[in-house]
Amino acid sequence: MRTYRKNPWKGRKTGLTNEFMAKLQLYFSYPFVWYALIVGLLIALCSSLLGVTLVLKRFSYIGDGLSHVAFGAMAIAGVLGLTNNMYVVLPITVISAVLLLRTGQNAKINGDAAIAMISVGALAVGYMLMNLFPSSANISGDVCTTLFGSTSILTLKPEDVILCIIMSVIVIAVFLLFYHKIFAVTFDENFIKAAGVKAEGYNLLIAIITALIIVLAMNLVGSLLISALIIFPALSAMRVFRSFRSVIICSAVISVICAGVGIFTSIMAGTPVGSTIVVTDIAVFFIFCIVSLFTRRKA
Amino acid sequence: MKKTAKAAALTAAALLLCSSCAQQPAAKAPDSPSALINNIMSEAAAQASEAAPKASATTAAAPETTAAAAETPASQDGTAVDIDLTQMNSTMIYSVIYDMMINPDSYYGKSLLVDGYFDTMVYDGSDTRYFFVVVPDATACCVQGLEFILTGASYPGDYPEVQDDIRVRGVMDCYEEAGQMYTYIRADSLTKI
């Protein structure tokens, strides 16, 4: 007797796969999807490189503060009617970063208080300016887009991509060239000062790179979520690895993978890009926390 | 402190020069009534207008072959269209429409199927009524509208109520008004869904 066997899911699975692949092919036929992927991965790489240094220097929250400054600067650019807000946003953010990172230790107002003050102040001033001098009828939409990134990463133009590539190359090159000095400044600033190295110069360099990354990353995840892009990959890597180099390499790999998965998921599932990337970062952080439990036991 | 301020000022100046290299074309807010929707995407609309060809009104430019429009998928109602936005998720729909505003040349002459809600308005100083299919983004905090013109239809009899969900099928086209080019959908059909 012939046995009748049939898998009812077989055809359906193939159908779903074909549908998924067709959708994938369709979406990736648009140039702006590729732009988003390229820019997203580059920003993730740069932010993770710097993230380790900032976390170790106890400046985890500076990303948040500077992004709020950038938000305020964008509002000023809107009031001035500038078509390219980078003219205002970049200089103001860089100056704020320099002031925060360099005067943090010696100023009358301590580092964390200065960050909090500038952060909240810039946010309030920015929102007030946007309301007093609206550049469009939809203020809440403008604010939402700036704070959460919305879909702005999928609306990049080729010029934006080129600018991002140039800035990313500069950031990576600076990091590789001054790796040892950044390492020294990160762990023992007093020691390298005693050794005759100008620590202030390297702090200034870190401040400028931080500001550059913040301005770039605003397109990807928005003002409120930038800190996550800087902090989570570094913290995840620190759960498992111990040396500076291995933490940086692991952090870069985690950040790039999370950004890639986040962008891909948001494109395919229709979720907001920035928050999807951050949620992926959070998931990886918890995975690394669990992994660290086992690795520490073995050690 | 003086050194810090000096260094910051120099850095800012250098970065300012750097950013000017990647300067974007100037965009001005659309002052014409048929600018897209509620001036929400005013910048995009202005850029679209500037990027549009100086063609005569209602004349579709020769369609350029882009990777995006290379395929002609069958839409949900079975008829083939070049760009079927009804089969995309909200993030992609929003992004594609934004791309249409930024790079309108790539889309002229392409057939299009889009879902959204209906809106109409008469702008100050104009007696012409404009019709839009409005599409929100994934977070629903931003919307974009595509103007459409349904040939032979009269308002209000042939149109749905404002905020009604609609499906518009047509061909991307452009027209000139007050010296500016505007992108619109030359609609074949308007369906309430």
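Guide: Start with one pair of helices. Helices here are DSSP runs of H or I of at least four residues, numbered from the N terminus. α2(A) and α12(A) pack at an angle of about 150°, with their axes 8 Å apart. The axes are lines fitted to C-alpha atoms over the stretch in contact, and angles run from 0 to 180 degrees between N-to-C directions.

This is a predicted model, in which local features need pLDDT of at least 70, side-chain atom pairs count only at pLDDT 80 or more, and totals for chains, interfaces and linings use all residues. Residues are numbered from 1 along each chain as its sequence is written, and chains are lettered from A and ligands numbered from 1 in the order in which they are written.

Visitor: How are α2(A) and α12(A) oriented to each other?

Guide: Angles under 35 degrees count as roughly parallel, over 145 as roughly antiparallel, 65 to 115 as roughly perpendicular and the rest as oblique. α2(A) and α12(A) are therefore roughly antiparallel.

Visitor: Which residues of α2(A) and α12(A) make the contact?

Guide: Two residues are in contact if their C-beta atoms, placed from the backbone, lie within 7 Å. On α2(A) they include V33(A), L37(A), L41(A) and A44(A), and on α12(A) they include S251(A), S255(A) and C258(A). An α-helix has 3.6 residues a turn, so residues three or four places apart point the same way.

Visitor: How many residues of that contact are nonpolar?

Guide: For the class, Ala, Val, Leu, Ile, Met, Phe, Trp, Tyr, Cys and Pro count as nonpolar, Asp, Glu, Lys and Arg as charged, and the others, Gly among them, as polar. The contact of α2(A) with α12(A) has 16 nonpolar, 7 polar and no charged residues.

Visitor: What span should helix α12 of chain A have?

Guide: The expected span is 1.5 Å times one less than the number of residues. Helix α12 (residues 244–269) of chain A has 26 residues and should therefore span 38 Å, which agrees with the 36 Å between its end C-alpha atoms. After α12(A) comes G270(A), with a positive phi near 80°.

Visitor: At what angle do α11(A) and α12(A) cross?

Guide: Their axes come within 8 Å and cross at roughly 130°, so α11(A) is oblique to α12(A). This crossing is right-handed. P233(A) and A237(A) are among the residues of α11(A) that meet α12(A), where the partners include V247(A) and I254(A). By class, the contact has 9 nonpolar, 3 polar and no charged residues.

Visitor: Which domains does the assignment give for chain A?

Guide: Domain bounds come from an automatic or database domain assignment. For chain A it gives domain 1 (46–218) and domain 2 (231–299). Contact between them involves 14 residues of domain 1 and 14 residues of domain 2. Helix α2 (residues 31–56) of chain A gives the most to the domain 1 side, with 6 residues.

Notes: Helix = DSSP H or I, 4+ residues; strand = E, 2+ residues; numbered from the N terminus. Left-handed = near helix turned anticlockwise from the far one by under 90°.
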